[in-house]
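User: I'd like to learn how to read a fold from its strands, helices and ligand shell. Could you walk me through one?

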Amino acid sequence: MASIKLKNVNFEYHLYEVTNRSLKISLAKRFGSKDSSQLKVHALKDISLELETGDRLGIIGANGAGKTSLLRVLAGLAHPSSGEVIAEGRVLPLIDRGLGINSELSARENIELPLRLLGATTEEINNAREDIKSFADLEEFFDLPMHRYSEGMKARVSFALSTSIPTDVLVLDEWLGTGDASFVKRAEDRLNSYLDEIKIVILASHSMELLANVCNKVIWLHHGEIVKIGPPAETIQEYMDFSAAHAIQASAE
Ligand SMILES: Nc1ncnc2c1ncn2[C@@H]1O[C@H](COP(=O)(O)OP(=O)(O)OP(=O)(O)O)[C@@H](O)[C@H]1O
């Protein structure tokens, strides 16, 4: 069994580096901070949700709505400022490309540490090494430092790495952008067979078609708050109607 529970989760980014006084004041107004000396972006507000084995959750919302922040909290990559995250099972993030990767090392040398951090056993790591080498298909580059790679080559390694060990929960963002057409096709095939084995999948995307095909639940975020969690078709429709009305209003202003 796998499960993830979020109870009244809040997440804030602190903007320590802003020193310009008028910028501080206008940012404080924008983000509703009372005190401009302690600027914060309140990216997630009082989020509660429960996922169980079999769930495929899609996350939708406009730019800056909080999708990536929610993915990071669900994946255990960011800790809530308040509230609780209770996860049962291994959770694997496929979010930050380059996460745990040292660009001075080759792809071969970069495999062990991230997988160890995710709790992989030595046997899983040995199996993953061969699998990643064959999927990433980098030939000699596999043994060169990764700062010599193109963005697309790095994406191949990250994707292969993140889908190389079994997991209970997979948390993924839109990420296929830098791959070439043949890689994207191979990645989709690999992901489809990998997804079948995974108990809970959480996916943020601006592609409503993808979410409608993959998910059984969709959560709509707006300014860090949940507007609705519901069946994909209904939630996506309400979000699209809202976005269209918003666009008409913005163009009239
Ligand atoms: N590193 C950061 N430091 C400060 N604020 C941040 C940081 N990352 C995101 N934010 C802010 O947090 C809020 C939520 O951002 P988030 O990246 O979670 O949104 P998103 O829904 O994933 O957006 P997009 O669709 O544009 O990727 C936004 O107001 C954003 O400006």
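This is a predicted model: local features need pLDDT of at least 70, side-chain atom pairs count only at pLDDT 80 or more; totals for chains, interfaces and linings use all residues.

User: Let's start with sheets. In what order do the strands of the open sheet run, and in what sense do they pair?

Analyst: The general idea: strands of a sheet pair through backbone hydrogen bonds, either parallel or antiparallel. In this case 3 strands form an open sheet ordered β2-β1-β4, with antiparallel pairing. The edges are β2 and β4 (82-88), each of which pairs on one side only. On average, neighbouring strands here are turned by 25° against each other, ignoring direction. For β1 (residues 3-14) and β4, the antiparallel pairing runs over 6 bridges, and K7 sits opposite E84 in β4.

User: Which strands pair with β6 in the parallel sense?

Analyst: Strand β5 (residues 91-94) does, over 4 bridges, and so does β7 (residues 200-204), also over 4 bridges.

User: Which way do the residues of β6 point, and are they buried or exposed?

Analyst: V169 and V171 point one way from β6 (residues 169-172), while L170 and L172 point the other way; all of them are buried.

User: On to helices. Why is α2 described as largely enclosed?

Analyst: A general point to start: an α-helix has 3.6 residues a turn, so residues three or four places apart point the same way. As for α2, 7 of its 8 residues are buried, so the rest of the structure largely encloses this helix. The buried ones are K67, S69, L70, L71, R72, V73 and L74. The helix lies across β1, β2 and β4, at about 55° to β2. Just after α2, G76 takes a positive phi of about 80°.

User: How many residues of α7 are buried?

Analyst: The number is 1 of 16, so α7 lies largely in the open. You can check its length too: at 1.5 Å a residue, α7 (residues 181-196) should span 22 Å, and the 23 Å between its end C-alpha atoms agrees.

User: Last one: what surrounds the ligand?

Analyst: The shell includes Y13, L15, V41, A43 and K67. Its residues split into 5 nonpolar, 6 polar and 1 charged.

Terms used: Residues are numbered from 1 along each chain as its sequence is written. Helices (H or I, at least four residues) and strands (E, at least two) are DSSP runs, numbered from the N terminus. The expected span of a helix is 1.5 Å times one less than its number of residues. A residue is buried if 20 or more other C-beta atoms lie within 10 Å of its own, exposed if 12 or fewer, and partly exposed in between; C-beta atoms are placed from the backbone. A residue is near a molecule or strand if its C-beta atom, placed from the backbone, lies within 6 Å of it. Ala, Val, Leu, Ile, Met, Phe, Trp, Tyr, Cys and Pro count as nonpolar, Asp, Glu, Lys and Arg as charged, and the others, Gly among them, as polar. Two strands pair if DSSP finds at least two bridges between them. Axes are lines fitted to C-alpha atoms, for helices over the stretch in contact, and angles run from 0 to 180 degrees between N-to-C directions. Two residues are in contact if their C-beta atoms, placed from the backbone, lie within 7 Å.
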